[in-house]
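Reader: I've got this one open in my viewer. Can you walk me through it?

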Amino acid sequence: MKSLFAFVLVTSIACAEDAAPAPPDPAAEALVKKVEARVASAKTVSIKLTMEVAAGDEKQAFEVAIDLKEGNRARLAVDGKGPDGKTAFSMLAVCDGKTVRRTDPDGYDDEAAESNLAAKVRELAIRAPLKDLSKTMGGSASKTPVTYSDFKFAPDEKVGDRAARVVTYSASRGSVRLAMKLWIDAEKLALLKRETVETKKGVETSRVTDAFSAMTCDGELADDVFALPSVKDGDRKEEK
């Protein structure tokens with residue numbers, strides 16, 4: 001009986017030790033920072049990805065393009081379909097360095113650009129949920145910053161035929177908790193995939209998967225990419 005009790009006790013202790021979470025790994029966040037530094041220092045950045053959003057029974061997919069260039073220039077284009085899978089949705093936000101113009105099916109609006117708008121977009125391009133980058137370009141960024149913590153390495157994986165280091169971490173703002181995961185080509189310092197799982201009060205509310213098809217730094221990027229899109233008289237939102 002004593003031997004059985006000892007076995008159960010030892011086994012329980014071992015299981016408890018196995019269940020203890022691994023401590024944060026500074027090397028994991030260091031790898032993320034290397035990718036961010038590459039984006040921050042590049043004269044031009046072009047990112048293309050497919051974003052899949054699952055919230056409850058609704059699923060949506062969007063094609064996203066992010067372009068950045070010296071001179072506080074930035075461009076975000078989003079095209080996809082609504083929850084019914086049929087209704088087209090599009091949004092374009094362009095900063096030519098001085099003015100931000102945003103267009104969507106409801107019209108357009110203009111406003112003076114913050115002097116560091118493109119720098120903020122660069123900061124958000126890697127570790128932040130795409131929603132935060134979109135809100136920054138859309139003029140509705142939260143004044144409460146996101147807190148990032150608990151960076152760790154998960155087992156390496158492959159994304160297509162490319163080897164990836166996998167980094168997990170947590171992000172939070174108020175009552176919102178995000179479980180984040182990045183798949184990184186450590187040799188080229190390129191992001192291959194990103195997953196954002198949002199929970200509120202312990203319940204998953206959405207899951208966003210970003211599959212990156214291109215992340216180019218210091219490539220050719222024509223100035224006219226950042227020309228303000230043409231609009232029609234009377235389409236300005238404040239005039240409707």
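Predicted model: local features only at pLDDT ≥ 70, side-chain atom pairs only at ≥ 80, totals over all residues.

Reader: How are the planes of phenylalanine 151 and tyrosine 169 arranged: stacked or edge-to-face?

Author: The structure has 2 aromatic pairs. In the one formed by phenylalanine 151 and tyrosine 169, the ring centres are 4.6 Å apart and the planes make an angle of 10 degrees. Planes under 30 degrees apart count as stacked, so this pair is stacked.

Reader: Which strands does the pair link?

Author: The two residues are 18 apart in the chain, and the pair links distant parts of it. Phenylalanine 151 belongs to residues 147-159 and tyrosine 169 to residues 162-173, which are strand β7 and strand β8.

Reader: Which charged end sits over the ring of tyrosine 148?

Author: Tyr148 forms one aromatic cluster with Phe151 and Tyr169. Over the ring of tyrosine 148, 5.3 Å from its centre, sits the charged end of arginine 127.

Reader: And what sits over the ring of tryptophan 183?

Author: Here too a charged end sits over the ring, 4.5 Å from its centre. The residue is lysine 193.

Reader: On to the largest pocket: which helix gives the largest share of its lining?

Author: The largest pocket holds about 1100 Å³ of space, and its 47 lining residues divide into 24 nonpolar, 10 polar and 13 charged. Nearest its centre are Pro129, Lys131, Asp132, Ser134 and Lys135. The largest share of the lining, 7 residues, comes from residues 130-138, helix α4.

Note on methods: Residues numbered from 1 in each chain as written. Heavy atoms only, no water. 1 Å grid on protein atoms, 1.4 Å probe; cavity = no way out; pocket = protein on both sides within 12 Å on 5 of 7 lines; lining within 4 Å. Points joined across faces, edges and corners; volume = space filled by probe spheres on them. Helix = DSSP H or I, 4+ residues; strand = E, 2+ residues; numbered from the N terminus. Nonpolar A, V, L, I, M, F, W, Y, C, P; charged D, E, K, R; others polar. Phe/Tyr/Trp six-rings, centres within 6.5 Å; stacked < 30°, edge-to-face > 60°. Lys NZ or Arg CZ within 6 Å of the ring centre and 35° of its normal.
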